[in-house]
Amino acid sequence: MTDIPRAHRVTIADVAREAGVSRTTVSHALSGQGKVNADTRAKVKEVAERLNYRPSARARSLRSGKSQTLALLSSMPAAVSAGPSQLGFFTELAMGCARTALLEGYVFVLAPPTEAADPVDLLDIDGAILLEPTVDDPLAEALRDRGIPYVTIDGPSSRAGDDALTSDEAGPARASTASTGAASKWSIDLHHRATAQLLLNHLLDQGAAEPALLVSRSLRGAQIAAREVYAETAAARGFPPLIAEADETSGEDGAFAAAEELLAEHPDIDAVLAPIDTFATGAVRAAQKSGRTVGEDLLIATRYDGLRARTSHPPLTAVDLGLEAISGAAVEMLVTVLDGDHSSNATVVLDGSTESVARDGGDAKPAAADDTGSAASAGSMGPVLVVRESTAGRSPDRSSD
């Protein structure tokens with residue numbers, strides 16, 4: 001096998017030799033730093049252009065201490081974030097982040113969840129966006145240890161307080177001082193309480209009298225919010241609180257086992273709210289094994305309107321979280337922090353996040369739900385319910401059987 005000769009890359013040494021100056025002079029002439037007279041600067045630039053010299057990004061990074069690179073990170077186990085969903089939630093956020101990062105002059109990288117290695121040690125980044133960290137998240141600790149600024153999406157401190165104030169840096173948002181602790185000082189709210197309430201209200205409106213909650217044992221924001229909203233609603237509406245738990249690392253199989261046990265012990269359960277989509281499909285399996293008909297005598301809803309929700313049998317009612325707007329806001333906040341404007345040490349909630357919208361396309365059958373719509377508009381309006389077959393409820397002709 002013949003080796004293909006590699007084209008010679010013009011180096012700073014080549015430019016210095018051709019221009020008859022030192023490498024330091026070339027560096028200063030091209031970067032605008034240091035003291036270089038106008039004639040020498042013009043000559044160096046002419047030589048560099050003629051030789052088609054392109055500065056080394058690695059060398060530039062070493063000199064400046066900046067890589068112009070941002071990353072999206074998550075400690076969510078692959079058992080719930082990968083598999084059939086194809087990292088949908090993670091990659092949908094990443095696409096929105098990358099679009100905004102490029103416009104801000106940054107390279108954006110995606111570091112998928114992995115138990116094999118700490119991705120922070122593998123990356124040369126200026127800042128990071130940390131997705132749904134736990135209270136004592138190992139990635140947050142690694143970022144802090146390396147002095148890398150980060151913004152969280154749905155972090156432990158991403159709850160806006162009553163002392164809200166306008167944040168010009170965050171764009172169309174309202175902000176409040178965030179608590180510190182294990183979380184970043186900068187956080188984007190993922191509408192976790194509004195989303196949980198929207199889903200639970202929908203199940204009750206569809207006729208559920210004894211809805212149950214299926215959550216992970218983690219202390220991630222969405223799980224904590226779901227527990228709180230469920231307990232508050234159970235007390236207010238007078239139904240018995242029934243909660244099943246599974247470890248995130250057990251994925252769909254763990255959720256299946258937990259849901260199977262829950263349904264066996266409490267046969268009167270007529271609805272299940274499972275915020276994690278992997279857990280929701282586990283609940284569907286458990287329901288079908290127990291002889292229940294999902295969408296008729298057992299309603300099931302989940303939080304993220306992703307591939308799992310759409311391809312489940314039956315398709316799952318879920319929520320359009322407006323991830324495009326959320327991801328863009330996260331990058332803009334991170335860039336503001338990196339630029340040194342720490343006045344944005346705040347939690348951001350996109351305008352109207354307390355509002356919610358139900359969307360079913362106007363068709364009599366929830367299976368025909370309208371899945372169109374702009375994620376950006378959804379983000380500006382708050383969570384949008386996408387109604388599908390899994391919460392259809394008994395039709396009048398079936399209830400008389």
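A: Start with a term: buried means under 20% relative accessible area, exposed over 50%, and partly exposed in between, with a 1.4 Å probe and protein chains only. This is a predicted model, where local features need pLDDT of at least 70, side-chain atom pairs count only at pLDDT 80 or more, and totals for chains, interfaces and linings use all residues. Residues are numbered from 1 along each chain as its sequence is written, and side-chain values use heavy atoms, with hydrogens and water left out.

Q: Is S27 buried or exposed, then?
A: S27 counts as buried, because its relative accessibility is 17%. S27 is in helix 2. Helices here are DSSP runs of H or I with at least four residues, strands are runs of E with at least two, and both are numbered from the N terminus.

Q: Zooming out, how many helices and strands are in the protein chain?
A: The chain has 15 helices and 15 strands. It has 401 residues, and 50% of them count as buried. Contacts are heavy atoms within 4.5 Å. Of the chain's contacts with a separation of 6 or more, 73% join residues 24 or more positions apart.

Q: How many residues are in the largest nonpolar core?
A: That core has 77 residues, and L70, I129, I153, L214 and I300 have the most contacts inside it. A nonpolar core is a set of buried Ala, Val, Leu, Ile, Met, Phe, Trp, Tyr and Cys residues joined through side-chain atoms within 4.5 Å. Helix 13 (residues 323–338) gives the most to this core, with 10 residues.

Q: Where does this core lie?
A: It lies between domain 2 (66–162 + 182–190 + 322–344) and domain 3 (192–320 + 385–391), because both give residues to it. The domain bounds come from an automatic or database domain assignment.

Q: What does L70 touch?
A: Leaving out residues up to four places away in sequence, the partners of L70 include A101, Y106, F108, I125, V331 and L338. Another core lies apart from the largest one, with 14 residues, among them A111, A128, A140 and A142.

Q: And V331, buried or exposed?
A: V331 is buried, because its relative accessibility is 0%. V331 belongs to helix 13. Beyond four places in sequence, V331 touches L70, C97, T100, A101 and I129. V331 and C97 are 234 residues apart in sequence, yet 6.0 Å apart C-alpha to C-alpha.

Q: New topic. How many cavities of 30 Å³ or more are there?
A: There are 3. On a 1 Å grid over the protein atoms alone, a cavity is a set of points where a 1.4 Å probe fits but cannot get out, and lining residues have an atom within 4 Å of a point. The second largest cavity has a volume of about 60 Å³, taken as the space filled by probe spheres set on the points, which are joined across faces, edges and corners.

Q: Which residues line the second largest cavity?
A: H192, T195, A196, L199, A222, A226, L273, P275 and R303. Helix 8 gives the most, with 4 residues. Helix 8 (192–205) and helix 9 (221–237) each supply at least two.

Q: Now the backbone. Where is there a cis peptide bond?
A: From H313 to P314, with omega near 0°. P314 is in the loop between helix 12 (307–311) and strand 12 (317–320).

Q: What is the phi of N52?
A: It is positive, about 60°, although N52 is not a glycine. N52 lies in the loop between helix 3 and helix 4 (57–64). E132 also isn't a glycine, and its phi is positive, near 45°. E132 sits in the loop between strand 3 (127–131) and helix 7 (138–145). Most residues other than glycine have a negative phi, and most peptide bonds are trans.

Q: Last one: what does G295 touch?
A: E389, S390, T391, A392 and G393, not counting residues up to four places away in sequence. G295 is in the loop between helix 11 (277–289) and strand 11 (299–304). G295 is buried, with a relative accessible area of 3%.

Terms used:
1 Å grid on protein atoms, 1.4 Å probe; cavity = no way out; pocket = protein on both sides within 12 Å on 5 of 7 lines; lining within 4 Å.
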